[in-house]
Amino acid sequence: MGKLSVTLCGIELDNPVIPASGTFGYGHEFAEIYDINILGTFSFKGTTHDARFGNALPRIAESTGGMLNSVGLQNPGVDRVISEELPKLKKYFHKPVMANVSGFSVDEYAEVCSKLDKEEQVGWLEVNISCPNVHGGGMSFGTSAKSAAEVTKAVKAVTKKPVIMKLSPNVCDITEIARACEAEGADGISLINTLLAMRIDIKNKRPLLANVTGGLSGSAVFPVALRMVYQTAKAVKIPVVGLGGVSSAEDVAEMMLAGATAVEIGSANLTDPFVCKKIITDLPKVMDKYNIKELKEIIGGALR
């Protein structure tokens, strides 16, 4: 069987499969149905300084080839994550975990990262500057190279753990943002977050989402995500984590050929809670089919 392991920012993963933040919670619901230690790691629920209830209902709308969400970073706040969620997590997940962080100011990003930096089980800080579902934060930092650089610099000043900046696809030039983050010391880039979108209820003549717009995810966005991963991997020298519409082992291989070192699976977890387990099981079959001895050998293969 081919070798599945990869190394992300100096930390070895048994395989490149990572459930994406917002689709896997803190892992305990999934741990009840299968051993989540088979995962490379997972990115836990987006965490802010203070607890957030999130956006008004309805928050979810279906779409052809995907779904829209405007959950709005609902989470218990960083202090409760540290005092309650991480101790529970340690009982059923025995690998470094990826902490997803969001904020509404540069100082808030830095403070949350500083607190999580002290947590032994946190392996990476995935800094989300790309959320399209909140007002006054998130994506506003990720659509400006200057703002993205400011957040990166502030976070790097308060942590020794690898910092992976999660970028928004809702920009003209993704490589400009990625380079700005790299220049301020980012250890990696993850992309893409959801695409800004909306649906309208024809009968009621109003937007389906209470927030009006939300983030489009699912298989419909995969070609867009693949293109942006490819462009970013060409533009920077730091590792790239690819995500957006991934739902199969073949998608994982394609993302890695585009330049991704590891691959996150998002909304597919919501429709099939076993999807990551299936992908890990299917990866050796895909490797055999295409005569791949080690997965890490194909990273960036399409770039060459």
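This is a predicted model: local features need pLDDT of at least 70, side-chain atom pairs count only at pLDDT 80 or more; totals for chains, interfaces and linings use all residues.

Student: While we're on backbone angles, which residue just after H6 has a positive phi?

Tutor: That is Gly185, which comes just after H6 and takes a positive phi of about 105°. Leu73 has a phi near 60°, a positive value in a residue other than glycine, and Leu73 is placed in the loop between E5 and H2. Asn291 is another residue other than glycine with a positive phi, in this case near 55°, and its place is in the segment after helix H10 (275–289).

Student: Switching topic: how many salt bridges does the structure hold?

Tutor: The structure holds 8 salt bridges. In general, side chains of opposite charge can pair when their charged atoms come close. One of the salt bridges is formed by Lys115 and Asp79, whose closest N and O atoms are 2.9 Å apart.

Student: And where do Lys115 and Asp79 lie?

Tutor: Lys115 lies in helix H3 and Asp79 in helix H2 (residues 78–92), so this pair ties together parts that are 36 residues apart in sequence. Lys115 counts as partly exposed at 23% relative accessibility, and Asp79 is also partly exposed, with a relative accessible area of 44%.

Student: Which residue does Glu84 pair with?

Tutor: Glu84 forms a salt bridge with Arg80, and the closest N and O atoms of the two are 3.3 Å apart. Both Glu84 and Arg80 lie in helix H2, 4 residues apart, which is about one turn of the helix. An α-helix has 3.6 residues a turn, so residues three or four places apart point the same way. Glu84 is partly exposed, with a relative accessible area of 36%, and Arg80 is partly exposed as well, at 45%.

Student: What about Asp187, which side chain does that one meet?

Tutor: The side chain of Asp187 meets that of Lys156 in a salt bridge, with 2.9 Å from N to O. Asp187 lies in the loop between helix H6 (174–183) and strand E9 (188–191), while Lys156 lies in helix H5 (residues 145–156), so the pair ties together parts that are 31 residues apart in sequence. Asp187 is partly exposed at 24% relative accessibility, and Lys156 is partly exposed with a relative accessible area of 25%.

Student: Back to H3 for a second, what span should its 12 residues have?

Tutor: At 1.5 Å a residue, the 12 residues of helix H3 (residues 106–117) should span 16 Å, and the end C-alpha atoms are 16 Å apart, which agrees. The buried residues of H3 include Tyr109, Val112, Cys113 and Leu116. In H6, the buried residues are Ile174, Thr175, Ile177, Ala178, Ala180 and Cys181.

Student: How much space lies in the largest pocket?

Tutor: About 790 Å³ of space lies in the largest pocket. This pocket is lined by 42 residues, and the closest to its centre are Ser21, Thr23, Asn69, Thr194 and Ser217. Strand E5 (66–69), strand E13 (214–217), strand E15 (260–265) and helix H9 (268–271) each supply at least two residues of its lining.

Student: Last one: which residues make the nonpolar surface patch?

Tutor: Met198, Ile200 and Val212 make a nonpolar surface patch of about 250 Å². Met198 is in the loop between strand E10 (195–197) and strand E11 (200–201), and Met198 is partly exposed, with a relative accessible area of 39%.

Methods
Residues are numbered from 1 along each chain as its sequence is written. Side-chain values use heavy atoms; hydrogens and water are left out. The expected span of a helix is 1.5 Å times one less than its number of residues. Buried means under 20% relative accessible area, exposed over 50%, partly exposed in between (1.4 Å probe, protein chains only). Patches are made of residues with over 30% relative accessible area and no salt bridge: like charges are joined within 9 Å, nonpolar side chains (Val, Leu, Ile, Met, Phe, Trp, Tyr) within 5 Å. Accessible areas come from the Shrake-Rupley method with a 1.4 Å probe; for residues, only the protein chains shown count as cover. A salt bridge is a side-chain nitrogen of Lys or Arg within 4 Å of a carboxyl oxygen of Asp or Glu. On a 1 Å grid over the protein atoms alone, a cavity is a set of points where a 1.4 Å probe fits but cannot get out, and a pocket is an open set with protein on both sides within 12 Å along at least five of seven lines; lining residues have an atom within 4 Å of a point. Grid points are joined across faces, edges and corners, and a volume is the space filled by probe spheres set on the points.
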